[in-house]
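Good morning, everyone, and thank you for making time for this. Please have the sequence and the structure open while I talk, so that you can follow each part.

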Amino acid sequence: MKLYEAKKHFDELLTELGNSRRASRQIVKWLEQASVEEIKERTNTAILTIKKMGVSYTVYSEGNNLDRAWPFDIVPRIIPSSEWNTVKQGLIQRTKALNHFIQDVYNENKIFHEKIIPKELVLKSPNYRKECIGIKPKHKIWAHICGSDLIRNHQGEFQVLEDNLRVPSGIVYMIENREITKRILPDLFSNHSVLPVDDYPAQLYKTLNSVSASRDKRPCIAVLTPGIFNSAYFEHAFLAQQMGAELVEGNDLTVGKDNFVYMKTVSGPIKVDVIYRRINEEFLDPEVFRKDSLLGCKGLIRAWRQGNVSIVNAPGSGIADDKAIYAYVPKMIRFYLKEEPIIKNVETYLCREPDVAQYVAQNLDKLVVKPVNESGGKGILIGPTSTSTERKTFANLLKKTPELFVAQPTLSLSTAPTIIQNEVAPRHIDLRPFILNGKNSWVSAGGLTRVALKEGSLIVNSSQGGGSKDTWIIEDKK
């Protein structure tokens, strides 16, 4: 099978001349030798495997919940371990600074006093929770689980596109992608020294255990899910089962008069020490946040404030998950850690500044405009592929509420060979590694590589028509 030549963008497997990169030689050789029939057979086997394993995700459409098989591309993405080690250190550095920032915002306010970041930008953010003022979680960690989205620029350098610190998802798909690859490409996989990803549940358990409010050697850990109709329920159930944790919904919990959290069981109430929440914080506790919430548990924040239960990620951690705050992360690293950022940000324009908003409005056809508090690829304008009507709509939005938007240059996301209708074609990709922070820090070996399956598209989210690949971190052999 003839491969394309990667000229327009940095390609993960091929050089500009169309030759294989050092770490991807065997993958490229396999692709070149594979027949259309073989590719078709392996792809069909992957589809059947996914159905058999029950790997799915939910799409919300016109009020209906539609379960769909997980979209998977059989060609793995290769990253040499020599490159990944630098990325790993950069991610640990970044999440360390972000946790310092959250702790500071709800306590000392040093970053405001030193005017490193505008105070009003933080305090007026919808992710700021005044209910968290004065709280100091164990180890001063607020964002225990982070999924940072990385892209490679045209020079092949990794950059952070955004940080996800509220309820990051995609972990199980990273693990299942590996299982699928091992089944459909066993010989190719065994010929590489690939770092494992299936140790994530064990590492997650260690992290949750390390922040437990109890001194018990085996604390009671509960995964709090909105229920079976949530798009990530498959992930919630998988992680709970793998960790030996309890999978609970809000009505399974109660807060006693002693301000401890208990799980209802047929044998009586059992004290819960750690809650790994998979619901948005505004639904956590109707006593504090949304009074109409049926997903959380009344009194949960009261128990947390008194140190009787640990909540992961902690309420209030979303303040560092704001796309406007993102622009200041390099300054946070310098301020809190006295270090230079190992991984750079993507250049970001804050539309809250009048001159910047005017510049963005005049260059909508060249920029990507994002709402500061949305996720999943929602509400984004990609200038070069937008219509005049879409640009007019965004121009009006920028005029009315400029503070709700940021803009970035149209990114030159790297590409990777992807099977499209049984042929190899370049498609844009990003990467979401997962970082755990408790008593110690840990970074997944690679992460979830997401693929924009539509030609020329930069939207990689599965809910927006994207797919995924297995990510191999391997030794860079000469």
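This is a predicted model: local features need pLDDT of at least 70, side-chain atom pairs count only at pLDDT 80 or more; totals for chains, interfaces and linings use all residues.

Let us begin with the second largest pocket, which has a volume of about 390 Å³. It is lined by 20 residues, and those that lie nearest its centre are Lys96, Asn99, His100, Gln103 and Lys140. If we sort the lining by residue type, we find four nonpolar, nine polar and seven charged residues. Which helix gives the most to this lining? That is α3, with seven residues, and both α3, which covers 81-105, and α12, which covers 329-337, supply at least two residues each.

Staying with helix α3, I would like you to find Gln93, which has its place there. Is Gln93 buried or exposed? Its relative accessible area is 6%, and because buried means under 20%, we call Gln93 buried. Once its neighbours within four places in sequence are left aside, Gln93 is in contact with Ile333, Leu337, Glu339, Glu340, Pro341 and Ile342.

To go back to Trp304 for a moment, if we do not count residues up to four places away in sequence, Trp304 touches Cys132, Ile135, Trp142, Val309, Ser310, Ile311, Ala314 and Pro315.

Finally, please turn to strand β20, residues 434-437, where Phe434 and Leu436 point one way while Ile435 and Asn437 point the other way, and all of them are buried. Which strands does β20 pair with? With strand β4, residues 145-152, it runs antiparallel and is joined by three bridges, and there Gly147 has Phe434 as its bridge partner. With strand β21, residues 441-443, β20 also pairs in the antiparallel sense over three bridges, with Asn437 standing opposite Ser441. β20 and β21 form a hairpin, with three residues between the two strands.

Conventions: Residues are numbered from 1 along each chain as its sequence is written. Side-chain values use heavy atoms; hydrogens and water are left out. On a 1 Å grid over the protein atoms alone, a cavity is a set of points where a 1.4 Å probe fits but cannot get out, and a pocket is an open set with protein on both sides within 12 Å along at least five of seven lines; lining residues have an atom within 4 Å of a point. Grid points are joined across faces, edges and corners, and a volume is the space filled by probe spheres set on the points. Helices (H or I, at least four residues) and strands (E, at least two) are DSSP runs, numbered from the N terminus. Ala, Val, Leu, Ile, Met, Phe, Trp, Tyr, Cys and Pro count as nonpolar, Asp, Glu, Lys and Arg as charged, and the others, Gly among them, as polar. Buried means under 20% relative accessible area, exposed over 50%, partly exposed in between (1.4 Å probe, protein chains only). Two strands pair if DSSP finds at least two bridges between them. Contact means heavy atoms within 4.5 Å.
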